[in-house]
Amino acid sequence: MDKKELVCIVCPKGCRLTVIEDKGSESGYRVEGNTCPRGEKYGIKEFVNPTRIVTSTVKLKNKYHKRLPVRTNGGIPKERIFDCMSIIKSIEIEHKVEVGQIIVKNILGVGVDLIATRSIE
Amino acid sequence: MIQYEIVVIGGGPAGLAAAVEAKKNGINNILVIERDKELGGILNQCIHNGFGLHVFKEELTGPEYAERFIDELKNMGIEYKTDTMVLNIDDEKNIKVLNSTEGLLEIKAKAVVLSMGCRERTRGAISIPGYRPAGVFTAGAAQRYINIEGYMVGKRVIILGSGDIGLIMARRLTLEGAEVLAVVEVLPFSGGLTRNIVQCLDDFNIPLLLSHTVTKIEGKDRVKGVVISKVDDNRRPIPETEKHFNCDTLLLSVGLIPENELSEKAGIEIDPITNGPIVNESMETNIRGVFACGNVVHVHDLVDYVTEESSTAGKNAARYVKNELIKDAEPIKTKPLNGIRYIVPHTVRVENLEDSLDMLMRVDNVYKNAKLIIKADKNIIKKVNKNHLAPGEMERIKIKLSELKNKKIFDISVEVEREDA
Ligand SMILES: Cc1cc2nc3c(=O)[nH]c(=O)nc-3n(C[C@H](O)[C@H](O)[C@H](O)COP(=O)(O)OP(=O)(O)OC[C@H]3O[C@@H](n4cnc5c(N)ncnc54)[C@H](O)[C@@H]3O)c2cc1C
Ligand code: SF4
């Protein structure tokens, strides 16, 4: 039986959760230590498929600004953060950019895009 | 001499919100002055997400949050000058300004909004023995180098201070390929959000050393290593607990101080706890018609609260210009009692409130399952249950106008009541 200790980050209280695999329960998991239902939902998600928004910058060429800030527009699997960073590091941009513009579509094939977080003339 | 109805000093989120709100309240002749190359303030370098959950109900990065306000300001046709430094203001609202294209300018304003933000404490403020080699940065300076200038500060890094900026930088450096050996915190708890501890440290297995501090920096030209020691309850290093780390970089994330040189020169009264101006319900300082908002008043951790507080300042600057602020009402004092370090605003003229009073405050310690008790003189007017209170998280309390109106009140106090006490 698999289990994992986590800290809930949904609210500042920071309950210490234990997520335990439990074939008998409806979701397949049992969460202990949560003070409210949001903790249960977070615990299961973090156990099954932890994802993170990645924020970084990409290089701008021949521009007044040197870096374009970017982020993923959804969570990417936690273990792929560094793969995502390798792609981000390989990009160079020379054109005008609008905030929200897609820089890499469906990055790593995980179903989310890398977007610009500011406009660049 | 150039004349404006309202001059806003500082073009960060505070100044932007104040200017936009003043314009919405009917003032057309507004100038925003910013010393940096562009508007946006500290947000331009805060490329991580976590901004705007209250104001926009979505999670934005710093630059996205800033751009929305900058666009609004531009669309409204509000005038601004970047690359322009305010050198001096006096109690008559004469402002001396310097920029490279126009030289020295003198501006006269009917109302002024101070929104100069804060600066970082440096090593001088904490005194670590050793030389001052290259490789020692404040966390904010490192953030600017990496995120704006695009160059790395080092390869093996120790971070002193576990507030949110220190934590965010631990992740940022790791993503850029540096090895963060530890985040060191002198207090027995981190001042940062749990979310940042989980997503910036735990995700990358970066150790958090609580009740520890840096006691020595090694290296003459460049940092070669640091010594870290455990501290006792009085934050004094304990002998024989020293641990040596080889590293080339030390980041200091040891706190922020409101930037109030200009305010002090103008004769504005400063609260020794917040290090920012003493303000009333309208965010007005002791000089009538001079308002202040954002990090220059007290250091905020949520930009959303900065925006709201600054809208209040902007709106009231407009009311002041239009002669709508009631000036000589007898003010109520706000009183931080047990467990509360400070309250903003410091005084309240009930006559100027619109429908409620918003009080922002910080507690002095971590409390679990506590209550905030708000009293008007001796009478309890509100109780708020808090299952978690921490110095790193600003608390906000709203009091309905009906609780205050047409009553003879001398002070409003707030205190922490502990369940377990
Ligand atoms: C590193 C860091 C990380 C943060 N992370 C988060 C987060 O994740 N989520 C969140 O909600 N909040 C976060 N915050 C908090 C939030 O961003 C700040 O509270 C907010 O930016 C403060 O706004 P401000 O306008 O008061 O100050 P600032 O943004 O500092 O703006 C002040 C402006 O005034 C200008 N200025 C100063 N003096 C003069 C002068 N004499 N003449 C002309 N111009 C002058 C400065 O150049 C600056 O642009 C973070 C803050 C920091 C420092
Ligand atoms: S379980 Fe509920 S109360 Fe506990 S930290 Fe998570 S959201 Fe907050």
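A salt bridge here is a side-chain nitrogen of Lys or Arg within 4 Å of a carboxyl oxygen of Asp or Glu. The legends below describe a predicted model.

**View 1. The salt bridge between Arg362(B) and Asp301(B).** The closest N and O atoms of Arg362(B) and Asp301(B) are 3.1 Å apart, which means that the pair falls within the 4 Å limit. Asp301(B) is also among the residues closest to ligand 1.

**View 2. The domains of chain B.** Domain 1 is assigned in two pieces, 1-120 and 256-325. Domain 2 covers 122-254, and domain 3 covers 329-421. Between the C-alpha centres of domain 1 of chain B and domain 3 of chain B the distance is 26 Å.

**View 3. The interface of domain 1 and domain 3 of chain B.** Here 24 residues of domain 1 are in contact with 17 residues of domain 3. The two domains bury about 1,700 Å² between them, with 49% of this area from carbon and sulfur atoms. Five salt bridges are found across the interface, and 13 residue pairs are in polar contact. On the side of domain 1 that touches domain 3 there are nine nonpolar, five polar and 10 charged residues.

**View 4. The surroundings of ligand 1.** Ligand 1 is surrounded by 31 residues, the closest being Glu34(B), Ile42(B), Asn295(B), Asp301(B) and Val303(B).

**View 5. Backbone atoms beside ligand 1.** A polar backbone atom of Ile42(B) is 2.9 Å from an oxygen atom of the ligand. For Pro13(B), a backbone N or O atom lies 3.2 Å from a ligand oxygen atom. A backbone N or O atom of Arg35(B) is 3.1 Å from a nitrogen atom of ligand 1. Of the 1,000 Å² of accessible area that ligand 1 has on its own, the protein covers 93%.

How values were computed
Residues are numbered from 1 along each chain as its sequence is written. Chains are lettered from A and ligands numbered from 1 in the order in which they are written. This is a predicted model: local features need pLDDT of at least 70, side-chain atom pairs count only at pLDDT 80 or more; totals for chains, interfaces and linings use all residues. Side-chain values use heavy atoms; hydrogens and water are left out. Domain bounds come from an automatic or database domain assignment. Contact means heavy atoms within 4.5 Å. Buried area is the accessible area (1.4 Å probe) that two parts lose on being put together, summed over both. A polar contact is a pair of N or O atoms within 3.5 Å; within protein, one must be able to donate a hydrogen and the other to accept it, and residues adjacent in sequence count only if both atoms are side-chain atoms. Ala, Val, Leu, Ile, Met, Phe, Trp, Tyr, Cys and Pro count as nonpolar, Asp, Glu, Lys and Arg as charged, and the others, Gly among them, as polar. A residue is near a molecule or strand if one of its heavy atoms lies within 4 Å of it. Accessible areas come from the Shrake-Rupley method with a 1.4 Å probe; for residues, only the protein chains shown count as cover.
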